[in-house]
Amino acid sequence: MAKELHVVMLPWSGFGHLMPFFQLSIALAKAKVHVSYISTPKNIQRLPKVSPDLQHFIHLVSIPFPTLEPDFLPQGAEAGVDVPLEKFNNLMIAYDLLQTPIKQFIADQMPDWIVADFAAYWVGDIAKEYGVPIVYFSVFSAATSVFFGPPEHLTGEKRNYALPSPQSLTCPPEWITFPSLVAFKEYEAISATQSAFGPNSSGITLTSRFAKIISASQALAIRTCYEIEGDYLEVYRKITGKPVIPTGVLPPEKPEKRAKREINSDWFMYDWLDKQNPMSVVFVGFGSECKLGKEQVHEIAYGLELSELPFIWAIRKPNSDNNADEVDDFLPLGFVDRTSEKGLVCFGWVPQMELLGHPSVGGSLSHSGWGSVIETLQFGHCLVVLPFIYDQPLTARLLVEKGLAVEVKRNEDGSFSRDEVAKTLRRAMVEEEGEQLRTSASKAAAVFGDHKLHQGHYMCAFVDYLKKNGTKRSSS
């Protein structure tokens with residue numbers, strides 16, 4: 001009788017990575033695969049509870065950072081959400097210090113597979129030493145991976161290790177042979193060149209981390225599906241020369257309907273939503289790690305006000321304790337009072353999935369993080385995208401290309417105006433010009449929200465690959 005598979009998960013310490021790795025763990029557990037999910041104690045505590053029927057298959061492994069110098073990271077910081085942008089590389093350095101206890105764990109457990117994120121580039125040597133194969137799991141869209149290219153392009157081997165020019169990042173690469181909008185704007189390309197390809201204090205560039213883990217992997221798994229990104233998946237397989245396996249989009253389980261008159265700390269949000277017209281409300285949220293400046297927040301706020309659309313805005317103030325008494329320090333003076341009948345501003349964490357699933361919500365204004373896109377489109381809501389960092393601009397262009405979003409226009413320096421925010425919101429939500437967008441988004445729910453497709457088809461195929469191509473231990 002074949003031994004049950006055991007997979008070790010190594011996510012990067014950012015919420016846009018921790019959660020997809022957790023969702024992949026849940027999907028594997030449903031397929032009777034044993035998972036050891038490794039992160040730091042605080043990150044483990046932040047994860048959703050594992051349902052009792054899956055607890056036998058999921059082992060949450062807490063490994064703390066070793067003792068660090070005072071002020072190296074903010075006190076208690078263990079994830080990207082906890083650190084200011086200028087200390088991002090320090091978080092990388094702290095993460096890299098986990099490799100010694102992780103090596104010991106792998107030596108003790110001898111898993112059948114390691115499923116690794118981009119940051120854990122050093123696990124390639126560990127895996128080789130113990131004969132454990134690696135799958136790189138990309139939490140990004142396939143289009144993003146394709147844009148940055150194969151390992152030799154990521155490292156700069158083909159450019160004599162010189163940085164790519166910002167101009168070269170403003171058009172699709174030569175290996176994309178079909179019409180594509182996936183590229184950076186010039187203002188985005190300048191910062192992307194330095195942050196992705198440039199040196200940093202961790203001693204290895206971000207793109208080199210990607211290159212090393214991709215090169216060390218037997219297969220490349222991506223959180224996507226053929227129905228949405230079949231064209232990009234084929235290109236990625238071609239340029240990497242490795243098996244490329246879509247895991248499905250791993251849609252989070254839709255929340256159960258609330259009991260009527262159920263009172264808790266979130267009650268006021270649902271009470272407000274219950275009074276709005278169906279499909280009329282814009283959900284506004286920019287993720288846990290997208291730290292907006294005051295000027296950007298003000299333009300968004302005035303744009304919402306000018307749009308005259310009902311909205312619910314989940315907002316996180318940078319470097320603050322989310323004290324509601326400080327609202328007027330961050331939002332335009334009087335904004336909350338002026339929009340109190342049309343809008344609801346919520347500081348701190350909100351139950352995003354539950355809010356998106358409310359019948360009154362019909363659209364979203366967001367940073368176009370891939371996880372948020374998946375959550376939104378499984379409900380068929382139209383997307384207005386305003387990308388800021390990392391892969392967000394590339395994902396935004398992919399969504400526009402597929403007819404699933406409209407992007408807020410920016411100036412050449414990357415700034416944007418309240419008028420453009422308002423105009424784009426109205427186009428997406430109510431104007432005749434946005435009818436095709438609303439139809440396309442509604443149809444997309446049949447793919448993004450199809451749990452049978454993602455768990456029954458894509459996840460089964462992924463597990464089948466793991467069973468047939470793992471170590472001899474797993475097949476004997």
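View 1. Glu 420, with a relative accessibility of 19%, counts as buried (buried means under 20% relative accessible area, exposed over 50%, and partly exposed in between, with a 1.4 Å probe and protein chains only). Its partner in a salt bridge is Lys 423, and the closest N and O atoms of the pair are 3.4 Å apart. A salt bridge here is a side-chain nitrogen of Lys or Arg within 4 Å of a carboxyl oxygen of Asp or Glu. Both residues belong to helix H18 (residues 418-429) and are three residues apart, about one turn of the helix. Helices (H or I, at least four residues) and strands (E, at least two) are DSSP runs, numbered from the N terminus. The model is predicted: local features need pLDDT of at least 70 and side-chain atom pairs count only at pLDDT 80 or more, while totals for chains, interfaces and linings use all residues. Residues are numbered from 1 along each chain as its sequence is written, and side-chain values use heavy atoms, with hydrogens and water left out.

**View 2. The salt bridge of Arg 397 and Glu 407.** The side chains of Arg 397 and Glu 407 form a salt bridge of 2.8 Å, N to O. Arg 397 is in helix H17 (residues 392-401) and Glu 407 in strand S13 (residues 405-407), so the pair ties together parts that are 10 residues apart in sequence. Arg 397 and Glu 407 are buried. A network of salt bridges links Glu 188, Arg 397 and Glu 407. The count of salt bridges comes to 16.

**View 3. Asp 271 and Lys 275.** A salt bridge joins Asp 271 and Lys 275, with 3.4 Å between the closest N and O atoms. Asp 271 is partly exposed, at a relative accessible area of 26%, whereas Lys 275 counts as exposed at 63% relative accessibility.

**View 4. The surroundings of Thr 40.** Thr 40 sits in the loop between strand S2 (34-39) and helix H2 (41-46). At 0% relative accessibility, Thr 40 counts as buried. Its side chain makes polar contacts with the side chains of Asn 43 (3.0 Å) and Glu 78 (2.6 Å). A polar contact is a pair of N or O atoms within 3.5 Å; within protein, one must be able to donate a hydrogen and the other to accept it, and residues adjacent in sequence count only if both atoms are side-chain atoms.

**View 5. Helix H9.** Eight of the 11 residues of helix H9 (residues 206-216) are buried. Among them are Leu 206, Phe 210, Ile 213 and Ile 214.
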